[in-house]
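These are my notebook entries on one protein chain. I set down what I looked up, in the order in which I looked.

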Amino acid sequence: APSSEQTVIGRQQLTMLERALAELPPNRRAALVLYRFDNLSHAEIAERLGVSVSMVEKHIRIALDHCRTRLAQMNGETHD
């Protein structure tokens, strides 16, 4: 079982991720959530969002970069 300190850190990281996701435009956020959490393929996401597969790929790439950058900033790190 995780220690209480690990639990607190995990909750803080989850809160930071939720904030980073909330900063994304709706379609970009949806593409990332559908891909990472619902395990949909790019084609399934494209159909669901009414966009091309290449747009889904772009949304996911930009969303991941944004989340990585924001998490690093919130942790006091620099991210290029």
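**Entry 1: H59.** Is H59 buried or exposed? I worked on a predicted model, in which local features need pLDDT of at least 70, side-chain atom pairs count only at pLDDT 80 or more, and totals for chains, interfaces and linings use all residues. Residues are numbered from 1 along each chain as its sequence is written, and side-chain values use heavy atoms, with hydrogens and water left out. I found H59 to be buried, because its relative accessible area is 9%. Buried stands for under 20% relative accessible area, exposed for over 50% and partly exposed for what lies in between, with a 1.4 Å probe and protein chains only. H59 belongs to helix 4. With neighbours within four places in sequence left aside, H59 is in contact with N27, R28 and A31; contact means heavy atoms within 4.5 Å.

**Entry 2: the whole chain.** I next looked up the secondary structure and noted four helices and zero strands. Helices (H or I, at least four residues) and strands (E, at least two) are DSSP runs, numbered from the N terminus. Along the sequence the pattern reads α-α-α-α. The C-alpha atoms fill a box of roughly 45 × 30 × 15 Å along the principal axes. Of the 80 residues, 22% are buried. I recorded an accessible surface of about 5,500 Å², with 50% of it belonging to carbon and sulfur atoms; the areas come from the Shrake-Rupley method with a 1.4 Å probe, and for residues only the protein chains shown count as cover.

**Entry 3: helix 2 against helix 4.** I found these two helices packed at an angle of about 90°, their axes 8 Å apart. Axes are lines fitted to C-alpha atoms, for helices over the stretch in contact, and angles run from 0 to 180 degrees between N-to-C directions. Helix 2 is therefore roughly perpendicular to helix 4, a term for angles of 65 to 115 degrees. Helix 2 brings N27, R28, A31, L32, Y35 and R36 to the contact, and helix 4 brings H59, I60, I62, A63, L64 and C67. I sorted these residues into eight nonpolar, two polar and two charged. Ala, Val, Leu, Ile, Met, Phe, Trp, Tyr, Cys and Pro count as nonpolar, Asp, Glu, Lys and Arg as charged, and the others, Gly among them, as polar.

**Entry 4: helix 3 against helix 4.** Helix 3 (residues 42–49) packs on helix 4 (residues 53–74) at about 100°, with the axes 8 Å apart. This pair is thus roughly perpendicular as well. I listed H42, A43, I45 and A46 from helix 3, and V53, V56, E57 and I60 from helix 4. Their classes are six nonpolar, one polar and one charged.

**Entry 5: the core.** Which residues touch the most other members of the largest nonpolar core? I noted L21, L24, L32, I45, V56, I60 and C67, out of 14 residues. Such a core is a set of buried Ala, Val, Leu, Ile, Met, Phe, Trp, Tyr and Cys residues joined through side-chain atoms within 4.5 Å. Helix 1 (4–22), helix 2 (26–36), helix 3 and helix 4 each give two or more residues. Helix 4 supplies the largest share, five residues. Beyond neighbours within four places in sequence, L21 is in contact with R29, L32 and C67.

**Entry 6: S4.** My last entry concerns S4, which lies in helix 1. I counted S4 as exposed, because its relative accessibility is 60%.

Definitions and conventions:
Parallel < 35°, antiparallel > 145°, perpendicular 65-115°, else oblique.
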